[in-house]
Amino acid sequence: MTREQYILATQQNNLPRTENVQLYPVGIYGWRKRCLYFFVLLLLVTMIVNLAMTIWILKVMNFTVDSPLVLQSDRNVTVNARNHMGQLTGQLTVGAEAVEAQCKRFEVRTSEDDRLLFSADEDEITIGAEKLKVTGTEGAVFGHSVETPHIRAEPSQDLRLESPTRSLIMEAPRGVQVRAAAGDFKATCRKELHLQSTEGEIFLNADTIRLGNLPTGSSSSTASSSNSRQTVYELCVCPNGKLYLSPAGVGSTCQSSSSICLWS
């Protein structure tokens, strides 16, 4: 017997011997195992159904990465905003006839620099755009006053202030100035045109002042010479301020032609 065999035989003789050894199975058996498989199968079915429903909703609502969000309805589309207490604080309704927004303040801002373009609340409406352009044929209608420091027409376009059925009034406590830097200034009316200064004077400053369509008075002395061409007239004034023309003579002819003042 070799040395290795002797050592091995000695170790086996020294090991304690146990009798009546009982083995217990480790694991899940019986109804517990069947319940576990049932719950795993139920969880798998639920996951498959949820995945299918998610894909269906994405397909129906057109939720994609590259396309915009589209909300469609046969009637109205309403978006509500509520506070932590559940109270309605804002509402946006898109209907077939109108788009309505109910909130304390409505704002429209630019996407680049977050600049305010339009805002509306209970007290005022603010338009922050550089230019407000109204392209309708009837223009803009305001029920009350409009305050602005400057009214200007577009380049190469005329600016027209018109009241079709009523009066147009321009008032300013420190004066009203109307100036045409490179054109004419015209004032046209159907009836009387009144220029009135309560405390000052009316000053006309021009190289030439023309008064057209003035009536021409006549007298017995000028009636005989009516066949000749009259080129020079005398400007006369009636006591009520009416102006008329009288054919010029050697002296003043206003007195002889003053019968026209009786017609006014």
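Buried means under 20% relative accessible area, exposed means over 50%, and partly exposed lies in between, using a 1.4 Å probe and protein chains only. This is a predicted model, in which local features need pLDDT of at least 70 and side-chain atom pairs count only at pLDDT 80 or more, while totals for chains, interfaces and linings use all residues. Residues are numbered from 1 along each chain as its sequence is written, and side-chain values use heavy atoms, with hydrogens and water left out.

View 1. Helices (H or I, at least four residues) and strands (E, at least two) are DSSP runs, numbered from the N terminus. Of the 264 residues, 7% count as buried. The accessible surface (Shrake-Rupley method, 1.4 Å probe) comes to about 25,900 Å², and carbon and sulfur atoms hold 54% of that. Now for contacts, meaning heavy atoms within 4.5 Å: among those with a separation of 6 or more, 16% join residues 24 or more positions apart.

**View 2. Three strands make an open sheet in the order E1-E2-E3, with antiparallel pairing.** Two strands pair if DSSP finds at least two bridges between them. Strand E1 (77–82) and strand E3 (99–102) stand at the edges with a single partner strand each, so one side of each has no neighbour in the sheet. From one strand to the next, the twist averages 10 degrees; axes are lines fitted to C-alpha atoms, and angles run from 0 to 180 degrees between N-to-C directions.

**View 3. Zoom in on strand E2 (residues 88–94) and E3, which pair in the antiparallel sense over four bridges.** Look for Val-94: its bridge partner in E3 is Val-99.

**View 4. Phe-38 and Phe-39 form one of the two aromatic pairs.** Rings of Phe, Tyr and Trp (its six-membered ring) pair if their centres lie within 6.5 Å; planes under 30 degrees apart count as stacked, over 60 as edge-to-face and the rest as tilted. Phe-38 and Phe-39 are edge-to-face, at 5.8 Å centre to centre with 65 degrees between the planes. Both Phe-38 and Phe-39 are exposed.

**View 5. Phe-106 and Phe-118 form an edge-to-face aromatic pair.** Their centres are 6.4 Å apart, with 65 degrees between the planes. The pair links distant parts of the chain, twelve residues apart: Phe-106 sits in strand E4 (residues 105–109) and Phe-118 in strand E5 (residues 116–121). Phe-106 counts as partly exposed because its relative accessibility is 36%, and Phe-118 is partly exposed too, at 28% relative accessible area.
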